[in-house]
Amino acid sequence: MTRTEDAAALVPEPFVTAVGRHSAQQGAVDGPSGQQWADRLPRLLADLLDDWGLVPSGPSTAGSSALVVPVLRDGDTFALKLAWPHLEGREEPLALRHWDGHGAVRMVAADPSRGALLLELLDGAKDLTGVAVDLACEVVGALLAELNVPAPQGFRRLSSFACEQAATLTESEGLLPRRMIERTTALVRELTSDPACDAVLVHTDLHYENVLASLPASGRPPWLAIDPHAMAGHPGFEIQPLLRNRADELGTGSAFRYLTRRRLEICAEAAGIHEDEALAWSYVHSAFQARWAAQDGDHDAVSLHIALLKALDG
C-alpha cells in the first residue's frame with residue numbers, strides 16, 4: 001500500500017459522509033467544500049505524518065468537521081487534528097497559543113494553511129457528558145475563569161458579530177415571536193454599547209463534549225477545554241452552550257425554567273460572571289441559535305431555544 005492509502009485507512013467513512021455535507025458557502029472564504037476537502041484528506045494526512053515525523057498509534061476519532069489521530073513522535077504521545085477550513089474554527093490556533101495550556105489543551109505545533117494542529121493527547125473517551133450536570137457546570141465555570149483573559153489583537157469581535165446577527169433576526173419573523181426579536185435587538189444595542197463587550201478572549205462553544213479529561217499521570221489539570229470558536233467578546237456569551245445541550249435533563253414546565261437558571265447560576269458563579277450579564281447574553285445567544293436552527297429546518301431545536309428564551313426572560 002502507498003502512504004496515501006495507509007492514511008486513508010485512518011479516515012472513518014462516516015466522517016467522510018458527514019464532512020461531505022458541508023457546502024463551500026459554509027466554509028472559509030474561497031475554501032473547498034466539505035467533499036472537496038475530504039477527497040484531499042488522505043494525501044494531506046500522509047504529508048503531515050511525514051513532515052512532522054509522526055506515527056499513528058491508535059484509532060481516529062472525528063466530529064462533523066475535524067479528524068483527530070493519536071500519534072507518536074520520538075516516543076511521546078500527541079493528537080494530530082485536521083479540520084475542514086471554516087470561519088468558526090479559524091482562530092483556534094491563535095486562541096490555543098494565547099492560552100498556552102492554561103484551561104485548554106496545549107498546542108505543540110500548528111500549520112494553519114493546512115488546517116493542522118499537533119496537540120497534547122487527552123482522554124477522548126471521557127468528557128463532561130457523564131458527569132452530574134451541576135458539577136459539570138461548575139467545572140466549565142472554573143475553566144472559563146482561566147480562559148477569559150484579556151483578548152489580544154486579531155480576533156473577531158463579538159460586538160460586530162452580535163450586531164450582524166441581530167440585524168437578520170427580522171427575517172425569522174413567523175418563526176420567532178415578535179416580542180423575542182424586539183427584546184433581542186434591544187439587548188444587543190445595550191450590550192454592545194458597553195466598552196467591555198470585546199474585552200476578553202471567549203471560547204463561545206464550551207459545551208459538555210468540548211471538555212476532555214487529561215491523561216493519568218500527565219501532571220495536567222483534570223479537565224481541559226478543546227475546539228474553541230474563539231472571539232474577542234464578553235464572558236456572559238459563554239454560558240448558553242450549557243443550556244442547549246443535555247436538554248433532556250431540563251424537564252418541562254416550571255422545572256425547565258428552574259433547572260435552566262440553575263445551570264446558568266452555577267456556571268456564572270464559578271466563572272466570576274455577573275448573573276444579570278449572563279442572563280442577558282444567554283438570551284441573545286439563544287435567539288441567534290433559534291434563527292440558525294430555523295435556517296437549518298431543525299424545528300425541534302427552534303422549539304428548544306424558544307423555551308430557553310422564555311426561561312431566561314424576566
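Modeller: Ring pairs join Phe-161, Phe-288 and Trp-292 into a cluster. Two rings of Phe, Tyr or Trp (for Trp, its six-membered ring) are a pair if their centres lie within 6.5 Å; planes under 30 degrees apart count as stacked, over 60 as edge-to-face, and the rest as tilted. This is a predicted model, in which local features need pLDDT of at least 70 and side-chain atom pairs count only at pLDDT 80 or more, while totals for chains, interfaces and linings use all residues. Residues are numbered from 1 along each chain as its sequence is written, and side-chain values use heavy atoms, with hydrogens and water left out.

The structure holds 5 aromatic pairs. One of them is formed by Phe-161 and Trp-292, which are tilted, with 6.1 Å from centre to centre and 55 degrees between the planes. This pair links distant parts of the chain, as Phe-161 belongs to helix α6 (residues 158-167) and Trp-292 to helix α10 (residues 275-295), 131 residues apart. Helices (H or I, at least four residues) and strands (E, at least two) are DSSP runs, numbered from the N terminus.

How far apart are the ring centres of Phe-288 and Trp-292? They are 6.2 Å apart, and the planes stand at 40 degrees, so this pair is tilted. Phe-288 and Trp-292 are both in helix α10, and because they are 4 residues apart, about one helical turn separates them.

A residue is buried under 20% relative accessible area, exposed over 50%, and partly exposed in between (1.4 Å probe, protein chains only). Phe-288 has a relative accessible area of 1% and is therefore buried. Phe-161, with 15%, is buried too. Trp-292 has 22% relative accessibility, so it counts as partly exposed.

Aromatic rings also take part in another arrangement, with charged groups. A charge sits over a ring if NZ of Lys or CZ of Arg is within 6 Å of the ring centre and within 35 degrees of the ring normal. The charged end of Arg-183 is placed over the ring of Tyr-283, at 4.8 Å from its centre. Likewise, Arg-246 lies over the face of Tyr-208, 5.0 Å from the ring centre.
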